[in-house]
Amino acid sequence: MATMEKAPDERAMLSAVATRDARMDGRFVYGVITTGIYCHPSCPSRPARPENLRFFTDAAAASAAGFRACRRCRADAPALSSRLHTIARFIQAEADEVLDLKTLASLAELSPARFQRAFKTEFGSSPLAFQQAFRAERFKTALREGSSVTAAGHGAGYGSPSRAHLHAKRSLGMMPSTFRSGGRGEHIHFAIRQTSLGLMIMAASSQGLCLVEFGDTEEALYQQLEASFPNAELLPSPQRAKPALEAWTLALEAHLRGWGPRPDLPLDLRGTAFQVSVWRFLLTIPCGETISYTALAAGIDRPSAVRAAATACAANKIAVLVPCHRVLRGDGQLGGYRWGLARKQALLHSEKAHS
Ligand SMILES: [Zn+2]
(Lines give C-alpha, C1' and ligand atoms only; values in the text may rest on other atoms or scores of the structure.)
Protein backbone atom coordinates (compact mmCIF):
# COMPACT_ATOMS: atom_id res chain seq x y z
CA MET A 1 0.00 0.00 0.00
CA ALA A 2 1.22 3.48 -0.82
CA THR A 3 1.92 5.79 2.08
CA MET A 4 0.44 9.27 2.08
CA GLU A 5 2.76 11.80 0.61
CA LYS A 6 3.87 14.27 3.25
CA ALA A 7 3.02 17.90 2.64
CA PRO A 8 6.09 19.84 1.51
CA ASP A 9 7.63 22.20 4.08
CA GLU A 10 6.99 25.93 3.89
CA ARG A 11 10.30 26.78 2.25
CA ALA A 12 9.66 24.23 -0.50
CA MET A 13 6.16 25.66 -1.02
CA LEU A 14 7.45 29.24 -1.22
CA SER A 15 10.02 28.20 -3.76
CA ALA A 16 7.42 26.23 -5.76
CA VAL A 17 5.18 29.29 -5.97
CA ALA A 18 8.11 31.54 -6.92
CA THR A 19 9.09 29.19 -9.76
CA ARG A 20 5.49 28.16 -10.65
CA ASP A 21 6.53 24.54 -10.26
CA ALA A 22 3.79 22.42 -11.89
CA ARG A 23 5.23 19.26 -10.34
CA MET A 24 3.91 20.56 -7.01
CA ASP A 25 0.33 20.91 -8.31
CA GLY A 26 -1.90 18.63 -6.28
CA ARG A 27 0.50 18.65 -3.31
CA PHE A 28 -0.87 21.93 -1.96
CA VAL A 29 -2.67 25.14 -2.94
CA TYR A 30 -1.84 28.67 -1.84
CA GLY A 31 -4.18 31.50 -0.93
CA VAL A 32 -3.36 35.18 -1.33
CA ILE A 33 -4.77 37.15 1.62
CA THR A 34 -4.96 40.43 -0.29
CA THR A 35 -7.22 38.98 -3.01
CA GLY A 36 -8.93 36.09 -1.20
CA ILE A 37 -8.09 33.81 -4.12
CA TYR A 38 -6.34 30.44 -3.97
CA CYS A 39 -4.22 28.90 -6.73
CA HIS A 40 -2.27 25.86 -7.82
CA PRO A 41 1.52 26.35 -7.45
CA SER A 42 1.88 26.57 -11.25
CA CYS A 43 -0.71 29.35 -11.67
CA PRO A 44 0.51 31.88 -14.26
CA SER A 45 -1.08 34.82 -12.44
CA ARG A 46 1.08 37.67 -11.09
CA PRO A 47 3.07 36.53 -8.04
CA ALA A 48 2.03 37.82 -4.63
CA ARG A 49 4.40 38.90 -1.91
CA PRO A 50 5.53 35.90 0.13
CA GLU A 51 4.18 37.41 3.37
CA ASN A 52 0.69 37.48 1.82
CA LEU A 53 0.65 33.74 1.04
CA ARG A 54 -1.18 31.11 3.07
CA PHE A 55 -0.72 27.41 2.34
CA PHE A 56 -3.37 24.68 2.36
CA THR A 57 -3.22 20.93 1.78
CA ASP A 58 -6.01 21.06 -0.79
CA ALA A 59 -8.78 23.12 -2.35
CA ALA A 60 -11.31 22.09 0.30
CA ALA A 61 -9.10 23.43 3.08
CA ALA A 62 -8.52 26.73 1.25
CA SER A 63 -12.21 27.05 0.57
CA ALA A 64 -13.06 26.29 4.22
CA ALA A 65 -10.74 29.15 5.17
CA GLY A 66 -12.82 31.49 3.01
CA PHE A 67 -10.68 31.66 -0.14
CA ARG A 68 -12.20 31.41 -3.60
CA ALA A 69 -10.72 29.27 -6.37
CA CYS A 70 -8.72 31.08 -9.03
CA ARG A 71 -10.47 30.92 -12.40
CA ARG A 72 -7.26 31.15 -14.31
CA CYS A 73 -5.63 27.96 -12.96
CA ARG A 74 -8.99 26.38 -12.04
CA ALA A 75 -7.66 25.65 -8.57
CA ASP A 76 -10.76 23.63 -7.68
CA ALA A 77 -10.78 21.67 -10.93
CA PRO A 78 -10.07 18.13 -9.71
CA ALA A 79 -12.83 18.15 -7.11
CA LEU A 80 -15.29 19.80 -9.47
CA SER A 81 -14.43 17.43 -12.29
CA SER A 82 -15.11 14.33 -10.18
CA ARG A 83 -18.45 15.81 -9.04
CA LEU A 84 -19.40 16.45 -12.67
CA HIS A 85 -18.53 12.87 -13.63
CA THR A 86 -20.75 11.56 -10.84
CA ILE A 87 -23.60 13.67 -12.19
CA ALA A 88 -22.95 12.50 -15.76
CA ARG A 89 -23.34 8.90 -14.54
CA PHE A 90 -26.54 9.90 -12.76
CA ILE A 91 -27.90 11.42 -15.97
CA GLN A 92 -27.13 8.21 -17.85
CA ALA A 93 -28.78 6.07 -15.18
CA GLU A 94 -31.85 8.31 -15.21
CA ALA A 95 -31.82 8.95 -18.96
CA ASP A 96 -35.54 8.23 -19.25
CA GLU A 97 -36.50 10.76 -16.61
CA VAL A 98 -37.18 14.44 -17.09
CA LEU A 99 -34.27 16.02 -15.24
CA ASP A 100 -34.25 19.71 -14.54
CA LEU A 101 -31.15 21.83 -14.47
CA LYS A 102 -31.84 23.15 -10.97
CA THR A 103 -31.88 19.68 -9.41
CA LEU A 104 -28.72 18.63 -11.22
CA ALA A 105 -26.97 21.86 -10.25
CA SER A 106 -27.88 21.36 -6.61
CA LEU A 107 -26.33 17.87 -6.76
CA ALA A 108 -23.16 19.52 -8.01
CA GLU A 109 -23.40 22.18 -5.30
CA LEU A 110 -23.29 24.87 -7.97
CA SER A 111 -25.67 27.53 -9.23
CA PRO A 112 -27.59 26.40 -12.35
CA ALA A 113 -25.67 28.84 -14.58
CA ARG A 114 -22.27 27.84 -13.25
CA PHE A 115 -23.18 24.13 -13.38
CA GLN A 116 -24.29 24.46 -17.00
CA ARG A 117 -20.98 26.14 -17.92
CA ALA A 118 -18.82 23.70 -15.96
CA PHE A 119 -20.63 20.69 -17.41
CA LYS A 120 -20.15 22.01 -20.92
CA THR A 121 -16.45 22.60 -20.31
CA GLU A 122 -16.02 19.06 -18.99
CA PHE A 123 -18.11 17.13 -21.54
CA GLY A 124 -18.48 19.46 -24.50
CA SER A 125 -22.26 19.62 -24.29
CA SER A 126 -24.94 20.92 -21.96
CA PRO A 127 -26.47 18.44 -19.47
CA LEU A 128 -29.65 18.27 -21.56
CA ALA A 129 -27.79 17.62 -24.82
CA PHE A 130 -25.70 15.01 -22.99
CA GLN A 131 -28.86 13.21 -21.87
CA GLN A 132 -30.32 13.35 -25.38
CA ALA A 133 -27.12 12.04 -26.94
CA PHE A 134 -27.08 9.15 -24.48
CA ARG A 135 -30.70 8.31 -25.31
CA ALA A 136 -29.93 8.52 -29.00
CA GLU A 137 -27.02 6.12 -28.54
CA ARG A 138 -29.29 3.57 -26.87
CA PHE A 139 -31.82 4.12 -29.63
CA LYS A 140 -29.14 3.37 -32.24
CA THR A 141 -28.14 0.17 -30.40
CA ALA A 142 -31.75 -0.97 -30.33
CA LEU A 143 -32.08 -0.26 -34.06
CA ARG A 144 -28.90 -2.20 -34.81
CA GLU A 145 -30.22 -5.09 -32.83
CA GLY A 146 -33.29 -5.04 -35.00
CA SER A 147 -36.06 -3.64 -32.83
CA SER A 148 -38.70 -1.80 -34.79
CA VAL A 149 -38.47 1.97 -34.66
CA THR A 150 -41.53 2.14 -32.41
CA ALA A 151 -40.26 -0.41 -29.88
CA ALA A 152 -36.78 1.15 -29.92
CA GLY A 153 -38.35 4.54 -29.27
CA HIS A 154 -40.15 3.31 -26.19
CA GLY A 155 -37.09 1.50 -24.86
CA ALA A 156 -34.98 4.64 -25.24
CA GLY A 157 -37.37 6.80 -23.26
CA TYR A 158 -39.09 8.72 -26.02
CA GLY A 159 -42.78 9.32 -25.49
CA SER A 160 -43.99 8.65 -29.03
CA PRO A 161 -42.61 7.22 -32.26
CA SER A 162 -42.79 10.58 -33.99
CA ARG A 163 -40.65 12.17 -31.30
CA ALA A 164 -38.25 9.25 -31.66
CA HIS A 165 -37.95 9.95 -35.39
CA LEU A 166 -37.41 13.62 -34.80
CA HIS A 167 -34.68 13.03 -32.24
CA ALA A 168 -33.01 10.40 -34.38
CA LYS A 169 -32.96 12.75 -37.32
CA ARG A 170 -31.43 15.50 -35.24
CA SER A 171 -28.84 13.38 -33.42
CA LEU A 172 -27.83 11.02 -36.19
CA GLY A 173 -28.20 13.38 -39.09
CA MET A 174 -30.38 10.84 -40.88
CA MET A 175 -33.62 8.96 -40.51
CA PRO A 176 -33.64 5.61 -38.68
CA SER A 177 -34.63 3.71 -41.82
CA THR A 178 -31.45 4.96 -43.52
CA PHE A 179 -29.36 4.02 -40.52
CA ARG A 180 -30.65 0.47 -40.66
CA SER A 181 -29.72 0.02 -44.30
CA GLY A 182 -26.15 -0.92 -43.45
CA GLY A 183 -23.52 -0.71 -46.10
CA ARG A 184 -25.43 0.91 -48.96
CA GLY A 185 -23.11 1.67 -51.86
CA GLU A 186 -20.18 -0.16 -50.30
CA HIS A 187 -18.06 -2.97 -51.65
CA ILE A 188 -17.31 -5.66 -49.10
CA HIS A 189 -14.84 -8.37 -50.09
CA PHE A 190 -15.00 -11.66 -48.28
CA ALA A 191 -13.34 -15.06 -48.15
CA ILE A 192 -14.41 -18.26 -46.43
CA ARG A 193 -11.88 -20.88 -45.39
CA GLN A 194 -11.42 -23.83 -43.09
CA THR A 195 -9.46 -23.06 -39.91
CA SER A 196 -8.51 -24.99 -36.82
CA LEU A 197 -11.60 -23.52 -35.15
CA GLY A 198 -13.90 -24.47 -37.99
CA LEU A 199 -15.21 -22.65 -41.02
CA MET A 200 -14.43 -18.92 -40.89
CA ILE A 201 -15.57 -15.94 -42.95
CA MET A 202 -13.43 -12.84 -43.15
CA ALA A 203 -14.76 -9.66 -44.76
CA ALA A 204 -13.14 -6.32 -45.45
CA SER A 205 -14.39 -2.90 -46.42
CA SER A 206 -12.15 -0.24 -47.91
CA GLN A 207 -11.26 0.69 -44.29
CA GLY A 208 -10.19 -2.72 -43.03
CA LEU A 209 -11.62 -5.93 -41.62
CA CYS A 210 -15.26 -5.42 -40.75
CA LEU A 211 -16.33 -8.98 -39.98
CA VAL A 212 -14.70 -12.24 -38.89
CA GLU A 213 -17.11 -14.98 -37.87
CA PHE A 214 -17.17 -18.74 -37.41
CA GLY A 215 -19.98 -21.00 -38.56
CA ASP A 216 -20.93 -24.48 -39.65
CA THR A 217 -21.58 -24.00 -43.36
CA GLU A 218 -20.52 -21.57 -46.08
CA GLU A 219 -24.18 -20.78 -46.64
CA ALA A 220 -24.70 -19.85 -42.97
CA LEU A 221 -21.58 -17.67 -42.96
CA TYR A 222 -22.66 -15.85 -46.10
CA GLN A 223 -26.06 -15.20 -44.51
CA GLN A 224 -24.37 -13.72 -41.43
CA LEU A 225 -22.41 -11.35 -43.67
CA GLU A 226 -25.52 -10.44 -45.63
CA ALA A 227 -27.44 -9.72 -42.42
CA SER A 228 -24.72 -7.33 -41.26
CA PHE A 229 -24.36 -5.53 -44.58
CA PRO A 230 -27.70 -6.07 -46.31
CA ASN A 231 -27.20 -3.30 -48.85
CA ALA A 232 -23.52 -3.59 -49.62
CA GLU A 233 -22.17 -5.29 -52.70
CA LEU A 234 -20.65 -8.53 -51.38
CA LEU A 235 -17.74 -9.75 -53.45
CA PRO A 236 -16.29 -13.23 -52.95
CA SER A 237 -12.54 -13.05 -53.35
CA PRO A 238 -10.72 -16.32 -53.22
CA GLN A 239 -8.70 -15.04 -56.16
CA ARG A 240 -6.46 -12.08 -56.82
CA ALA A 241 -9.27 -9.52 -56.45
CA LYS A 242 -8.21 -8.60 -52.93
CA PRO A 243 -4.72 -9.98 -52.26
CA ALA A 244 -4.58 -8.31 -48.83
CA LEU A 245 -7.62 -10.25 -47.67
CA GLU A 246 -6.00 -13.52 -48.67
CA ALA A 247 -2.86 -12.57 -46.74
CA TRP A 248 -4.94 -11.59 -43.72
CA THR A 249 -6.84 -14.89 -43.63
CA LEU A 250 -3.54 -16.76 -43.81
CA ALA A 251 -2.08 -14.65 -40.98
CA LEU A 252 -5.12 -15.26 -38.80
CA GLU A 253 -5.14 -18.97 -39.52
CA ALA A 254 -1.44 -19.16 -38.59
CA HIS A 255 -2.29 -17.40 -35.33
CA LEU A 256 -5.16 -19.78 -34.59
CA ARG A 257 -2.79 -22.70 -35.00
CA GLY A 258 -0.42 -21.13 -32.52
CA TRP A 259 2.25 -20.34 -35.10
CA GLY A 260 2.30 -16.62 -34.60
CA PRO A 261 1.11 -13.66 -32.57
CA ARG A 262 -2.30 -12.11 -33.13
CA PRO A 263 -1.79 -10.32 -36.46
CA ASP A 264 -2.05 -6.56 -36.29
CA LEU A 265 -4.56 -6.04 -39.10
CA PRO A 266 -6.51 -2.87 -39.93
CA LEU A 267 -9.96 -3.02 -38.33
CA ASP A 268 -13.13 -1.27 -39.43
CA LEU A 269 -15.10 -1.21 -36.16
CA ARG A 270 -18.75 -0.39 -36.70
CA GLY A 271 -21.11 0.17 -33.83
CA THR A 272 -22.38 2.73 -31.40
CA ALA A 273 -19.86 4.93 -29.63
CA PHE A 274 -20.32 2.76 -26.55
CA GLN A 275 -19.73 -0.51 -28.42
CA VAL A 276 -16.65 0.85 -30.14
CA SER A 277 -15.22 2.01 -26.81
CA VAL A 278 -15.72 -1.53 -25.43
CA TRP A 279 -14.10 -3.14 -28.47
CA ARG A 280 -11.15 -0.76 -28.38
CA PHE A 281 -10.63 -1.60 -24.73
CA LEU A 282 -10.68 -5.32 -25.56
CA LEU A 283 -7.77 -4.69 -27.94
CA THR A 284 -5.64 -3.67 -24.94
CA ILE A 285 -6.02 -6.98 -23.07
CA PRO A 286 -2.72 -8.84 -23.54
CA CYS A 287 -2.67 -12.32 -25.02
CA GLY A 288 -2.87 -14.98 -22.30
CA GLU A 289 -4.73 -12.71 -19.90
CA THR A 290 -8.42 -12.42 -19.08
CA ILE A 291 -10.57 -9.85 -17.32
CA SER A 292 -14.08 -9.83 -15.84
CA TYR A 293 -17.08 -7.99 -17.30
CA THR A 294 -16.95 -5.77 -14.20
CA ALA A 295 -13.32 -4.84 -14.89
CA LEU A 296 -14.22 -4.20 -18.52
CA ALA A 297 -16.97 -1.75 -17.53
CA ALA A 298 -14.61 -0.04 -15.10
CA GLY A 299 -11.92 0.04 -17.81
CA ILE A 300 -14.08 2.15 -20.11
CA ASP A 301 -15.00 4.41 -17.20
CA ARG A 302 -18.58 3.17 -17.02
CA PRO A 303 -18.48 0.99 -13.87
CA SER A 304 -22.26 0.69 -13.63
CA ALA A 305 -22.62 -0.48 -17.24
CA VAL A 306 -21.52 -4.10 -16.67
CA ARG A 307 -24.48 -5.61 -18.47
CA ALA A 308 -24.23 -3.18 -21.40
CA ALA A 309 -20.51 -3.98 -21.68
CA ALA A 310 -21.32 -7.70 -21.81
CA THR A 311 -23.91 -7.03 -24.51
CA ALA A 312 -21.33 -5.05 -26.50
CA CYS A 313 -18.94 -8.04 -26.25
CA ALA A 314 -21.68 -10.28 -27.59
CA ALA A 315 -22.24 -7.86 -30.47
CA ASN A 316 -18.58 -8.04 -31.54
CA LYS A 317 -18.42 -9.25 -35.15
CA ILE A 318 -14.65 -9.46 -35.45
CA ALA A 319 -13.80 -12.78 -33.81
CA VAL A 320 -10.35 -13.35 -32.31
CA LEU A 321 -8.88 -10.04 -33.56
CA VAL A 322 -11.15 -8.09 -31.21
CA PRO A 323 -10.56 -10.48 -28.32
CA CYS A 324 -13.95 -10.63 -26.61
CA HIS A 325 -13.02 -14.22 -25.68
CA ARG A 326 -10.71 -12.72 -23.03
CA VAL A 327 -13.62 -11.52 -20.91
CA LEU A 328 -14.91 -13.94 -18.27
CA ARG A 329 -17.62 -13.84 -15.66
CA GLY A 330 -16.66 -12.53 -12.23
CA ASP A 331 -16.62 -16.06 -10.78
CA GLY A 332 -14.14 -17.21 -13.44
CA GLN A 333 -16.80 -19.07 -15.47
CA LEU A 334 -16.50 -18.70 -19.22
CA GLY A 335 -19.65 -16.58 -19.61
CA GLY A 336 -21.04 -16.42 -23.12
CA TYR A 337 -19.44 -16.46 -26.56
CA ARG A 338 -21.04 -15.56 -29.84
CA TRP A 339 -19.29 -18.46 -31.58
CA GLY A 340 -19.77 -21.14 -28.89
CA LEU A 341 -18.07 -21.86 -25.58
CA ALA A 342 -15.94 -24.64 -27.07
CA ARG A 343 -14.20 -22.09 -29.32
CA LYS A 344 -13.78 -19.64 -26.44
CA GLN A 345 -12.19 -22.37 -24.34
CA ALA A 346 -9.92 -23.46 -27.20
CA LEU A 347 -8.75 -19.89 -27.85
CA LEU A 348 -7.99 -19.20 -24.19
CA HIS A 349 -6.21 -22.53 -23.86
CA SER A 350 -4.01 -21.89 -26.88
CA GLU A 351 -3.23 -18.29 -25.78
CA LYS A 352 -2.24 -19.43 -22.32
CA ALA A 353 0.06 -22.06 -23.82
CA HIS A 354 1.72 -19.60 -26.21
CA SER A 355 2.08 -16.50 -24.05
ZN1 LIG B 1 -4.55 30.71 -10.15
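In my notes, buried stands for a relative accessible area under 20%, exposed for over 50%, and partly exposed for what lies in between, with a 1.4 Å probe and protein chains only. The model is a predicted one, where local features need pLDDT of at least 70 and side-chain atom pairs count only at pLDDT 80 or more, while totals for chains, interfaces and linings use all residues. Residues are numbered from 1 along each chain as its sequence is written, and side-chain values use heavy atoms, with hydrogens and water left out.

I then looked up what Arg-329 meets, and found a salt bridge with Asp-331, the closest N and O atoms being 3.1 Å apart. The term salt bridge is used for a side-chain nitrogen of Lys or Arg within 4 Å of a carboxyl oxygen of Asp or Glu. Asp-331 itself counts as exposed, at 53% relative accessibility.

**Entry: other salt bridges**

I searched the whole structure, and the search gave five salt bridges. One of them joins the side chains of Glu-51 and Arg-49 at 3.1 Å, N to O; Glu-51 is partly exposed at 48%, whereas Arg-49 is exposed, with a relative accessible area of 55%.

Another is the salt bridge of Glu-213 with Arg-338, whose closest N and O atoms are 2.9 Å apart. I noted that this pair links distant parts of the chain, 125 residues apart, as Glu-213 lies in strand β7 and Arg-338 in the loop between β10 (327-328) and α15 (341-354). Helices (H or I, at least four residues) and strands (E, at least two) are DSSP runs, numbered from the N terminus. Is Glu-213 buried or exposed? I found it buried, with a relative accessible area of 1%, while Arg-338 is partly exposed at 36%.

**Entry: the sheet that holds β7**

I followed β7 into its sheet, an open one of four strands in the order β7-β6-β5-β8, with mixed pairing. Two strands are said to pair if DSSP finds at least two bridges between them. The edge strands are β7 and β8 (233-236), each of which pairs on one side only, and the twist averages 25° from one strand to the next.

Inside this sheet I traced β5 (residues 187-195), which runs antiparallel to β6 and is joined to it by seven bridges. His-189 stands opposite Ala-204 in β6, and β5 and β6 form a hairpin with two residues between them. On the other pairing of β6, six bridges link it to β7 (residues 209-215) in the antiparallel sense, with Ala-204 and Leu-209 as bridge partners. This hairpin has four residues between its strands, and Gly-208 in the turn has a positive phi of about 150°. For β6 (residues 198-204) I noted that seven of the seven residues are buried, so the strand is largely enclosed by the rest of the structure.

I also found helix α10 (residues 218-228) lying across β5, β6, β7 and β8, at about 145° to β7. Such axes are lines fitted to C-alpha atoms, for helices over the stretch in contact, and the angles run from 0 to 180 degrees between N-to-C directions; contact means heavy atoms within 4.5 Å.

**Entry: a second sheet**

I looked up an open sheet of four strands in the order β3-β1-β2-β4, again with mixed pairing. The edges are held by β3 (53-56) and β4 (68-69), each with a single partner strand, so one side of each is left without a neighbour in the sheet. I saw that β1 (residues 29-32) and β2 (residues 37-39) pair in the antiparallel sense over three bridges, and that Tyr-30 has Cys-39 in β2 as its bridge partner. Helix α1 (residues 10-19) lies across β1 and β3, running at about 115° to β3.

**Entry: Phe-274**

Last, I turned to Phe-274, which lies in helix α12 (residues 273-282) and is buried, with a relative accessible area of 9%. Which residues does Phe-274 touch, not counting residues up to four places away in sequence? I listed Glu-137, Ile-300, Arg-302, Ala-305, Ala-308, Ala-309 and Ala-312. Phe-274 and Arg-302 are 28 residues apart in sequence, and 9.7 Å apart in space, C-alpha to C-alpha.
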